[in-house]
Amino acid sequence: MRKRKRTPCGRALAVLVLTGIVVQLIHMPEVSAYFADRNEKNNVLQVGDNTSTIEEKFDPPDTVTPDTTYNKTVSVRNQTDTPCYVRVFVEKDQSEIPLSIAFDRKHWTEKQADGYYYYRTVLEGKKKTEPLFTSVTTGKTEETFRILIYEETVQAQGFQTPQEAFASIRGEQESGV
């Protein structure tokens with residue numbers, strides 16, 4: 001059997017490998033602690049419930065009389081405890097019919113570019129808005145017609161204005177409505 005001769009280069013390599021192993025063993029607890037580190041945060045999220053309905057007081061006439069004012073009161077009721085913002089879309093089913101609706105400008109905005117009237121304040125839980133309007137006046141027509149009313153609500157928490165709140169559900173910035 002032949003004996004191998006160790007060279008200075010081979011010894012230096014062996015010392016270097018042995019040093020590397022010792023360094024790794026010394027730092028092993030730090031490395032394993034890094035891999036075992038945990039951080040936990042518990043967040044409680046609650047979904048609010050804001051169910052609302054249109055409340056309307058209206059006795060439809062049997063026939064339409066020209067130039068007549070009919071009592072028709074339209075409000076929105078918040079049926080839950082969650083404060084919310086409200087908006088309402090109002091349109092007649094036949095655009096050519098002459099019809100006048102006296103909208104409340106104190107508690108509601110004018111019709112906005114998106115077609116909605118916005119309630120100016122937060123509607124608290126179990127409360128009802130001031131009426132959007134209380135009467136409808138026909139023009140020179142005897143044709144029957146319908147007034148289409150659609151309402152939406154969004155939770156008020158975290159928003160300063162109804163426009164800001166509704167813009168957030170569309171993923172937009174407030175458009176200055």
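A cut-off first: I call a residue buried under 20% relative accessible area, exposed over 50%, and partly exposed in between. The model is a predicted one.

**Entry 1, a residue in helix 1.** I looked up Val17, which is found in helix 1 (residues 8–36). Is Val17 buried, partly exposed or exposed? Its relative accessibility is 47%, so Val17 counts as partly exposed. A reminder to myself: an α-helix has 3.6 residues a turn, so residues three or four places apart point the same way.

I stepped back and found 2 helices and 7 strands. Read from the N terminus, the elements run α-β-β-β-β-β-β-β-α. Of the 177 residues, 28% are buried. The accessible surface comes to about 13,000 Å², and carbon and sulfur atoms hold 52% of that. I also looked at contacts between residues at least 6 apart in sequence: 73% of them join residues at least 24 apart.

Next I traced an open sheet of 3 strands, with the order 5-3-7 and antiparallel pairing. Strand 5 and strand 7 are at the edges with a single partner strand each, so one side of each has no neighbour in the sheet. From one strand to the next, the twist averages 25°. I noted 9 bridges between strand 3 and strand 7. In that pairing, Val86 stands opposite Thr153 in strand 7.

The buried residues of helix 2 (residues 162–169) are Pro162, Gln163, Ala165, Phe166 and Ala167. These buried residues pack against strand 3 (84–92), strand 5 (116–118) and strand 7 (147–155). Just after the helix, I spotted Gly171 with a positive phi of about 75°.

Last, I turned to Thr129, in the loop between strand 5 and strand 6 (133–138). Is Thr129 buried or exposed? Its relative accessible area is 2%, so Thr129 is buried. Leaving aside residues up to four places away in sequence, Thr129 touches Ser75, Val76, Val86, Trp108, Tyr119 and Leu123.

Methods
Residues numbered from 1 in each chain as written. Predicted model: local features only at pLDDT ≥ 70, side-chain atom pairs only at ≥ 80, totals over all residues. Heavy atoms only, no water. Buried < 20%, exposed > 50% of the residue type's maximum accessible area, 1.4 Å probe, protein only. Helix = DSSP H or I, 4+ residues; strand = E, 2+ residues; numbered from the N terminus. Contact = heavy atoms within 4.5 Å. Pairing = 2+ DSSP bridges. Axes fitted to C-alpha atoms, helices over the stretch in contact; angles between N-to-C directions. Areas by Shrake-Rupley, 256 points an atom, 1.4 Å probe, with all protein chains shown as cover.
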